[in-house]
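Work through the exercises below with the sequence and the coordinates side by side.

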Amino acid sequence: MNSHDPAQGPAAYACMIVRKPADEAFRAFADPAVTSRFWFSRSSGPMVPGAELRWEWETYGASVDVRVGEVRQGELIRFEWGNHEQPTTVELRFTPRPAGATFVEVTEVGFHGSGEELTRWLNDTVGGFTTALCAMKALLEHGIELGAVPDHHPAP
């Protein structure tokens, strides 16, 4: 279960059971050759401690700088991303479950702002991570590339 510290301010939280071992779910986020099949379209490298990466979502013409912090094989990836002056922190947790499944949790903290702007940011974050988790689940469990992230916010 999410163990968010309220002192960190509001948190965005998304979770999903993936019926694959924790090491495989972990690799899906750590290895850009896998992640680019369900989340971003390009990364400058793998999620390893201390890495400074650039992720791109070509469909949206968007990119973000990522600073990888703590990484524990098969258990945890923590990184900062976004505005360099006020980045947010994302934590990906991989908890083994019976029958070779993994409970994947995503928590993001460090949001700034208030009112409607903050609510929209939190909702977009939860929706984005939920979409990525569903796409990861489809890929790992069924070998299907959903294309859900590029279709999440289609152009008008």
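**Exercise 1: the cavity**

By class, the largest cavity is lined by three nonpolar, two polar and three charged residues, where Ala, Val, Leu, Ile, Met, Phe, Trp, Tyr, Cys and Pro count as nonpolar, Asp, Glu, Lys and Arg as charged, and the others, Gly among them, as polar. The structure is a predicted model, in which local features need pLDDT of at least 70 and side-chain atom pairs count only at pLDDT 80 or more, while totals for chains, interfaces and linings use all residues. Residues are numbered from 1 along each chain as its sequence is written, and side-chain values use heavy atoms, with hydrogens and water left out.

Task: state which residues line the largest cavity and how much space lies in it.

Solution. Step one is the definition: on a 1 Å grid over the protein atoms alone, a cavity is a set of points where a 1.4 Å probe fits but cannot get out, whereas a pocket is an open set with protein on both sides within 12 Å along at least five of seven lines, and lining residues have an atom within 4 Å of a point. Grid points are joined across faces, edges and corners, and a volume is the space filled by probe spheres set on the points. Step two is the search, which finds one cavity of 30 Å³ or more in the whole structure; the space in the largest cavity is about 40 Å³. Step three is the lining, made up of Asp65, Val66, Arg67, Glu80, Trp81, Gly82, His84 and Pro87. Strands here are DSSP runs of E with at least two residues, and helices are runs of H or I with at least four, numbered from the N terminus.

**Exercise 2: the pocket**

Task: describe the lining of the largest pocket by position, by element and by class.

Solution. The volume of the largest pocket is about 620 Å³. Its lining comprises 21 residues, and Trp39, Trp57, Trp81, Asp124 and Gly128 lie nearest its centre. At least two lining residues come from each of β4 (62-72), α3 (115-142) and α4 (148-152), with α3 giving the largest share, five residues. Sorted by class, the lining holds ten nonpolar, nine polar and two charged residues.

**Exercise 3: aromatic pairs**

Task: classify the pair of phenylalanine 79 and tryptophan 81, then the pair of phenylalanine 111 and tryptophan 121.

Solution. A pair of aromatic rings is described by the distance of the centres and the angle of the planes. Rings of Phe, Tyr and Trp (its six-membered ring) pair if their centres lie within 6.5 Å, and planes under 30 degrees apart count as stacked, over 60 as edge-to-face and the rest as tilted. The whole structure contains 17 aromatic pairs by this search. For phenylalanine 79 and tryptophan 81 the ring centres are 5.4 Å apart and the planes stand at 90 degrees, so the pair is edge-to-face. Phenylalanine 79 is buried at a relative accessible area of 1%, and tryptophan 81 is buried at 14%, where buried means under 20%, exposed over 50% and partly exposed in between (1.4 Å probe, protein chains only).

Phenylalanine 111 and tryptophan 121 are also edge-to-face, with 4.8 Å from centre to centre and 90 degrees between the planes. This pair links distant parts of the chain, ten residues apart, with phenylalanine 111 in the loop between β7 (101-109) and α3 and tryptophan 121 in helix α3. Phenylalanine 111 is buried at 7% relative accessible area, whereas tryptophan 121 is partly exposed at 32%.
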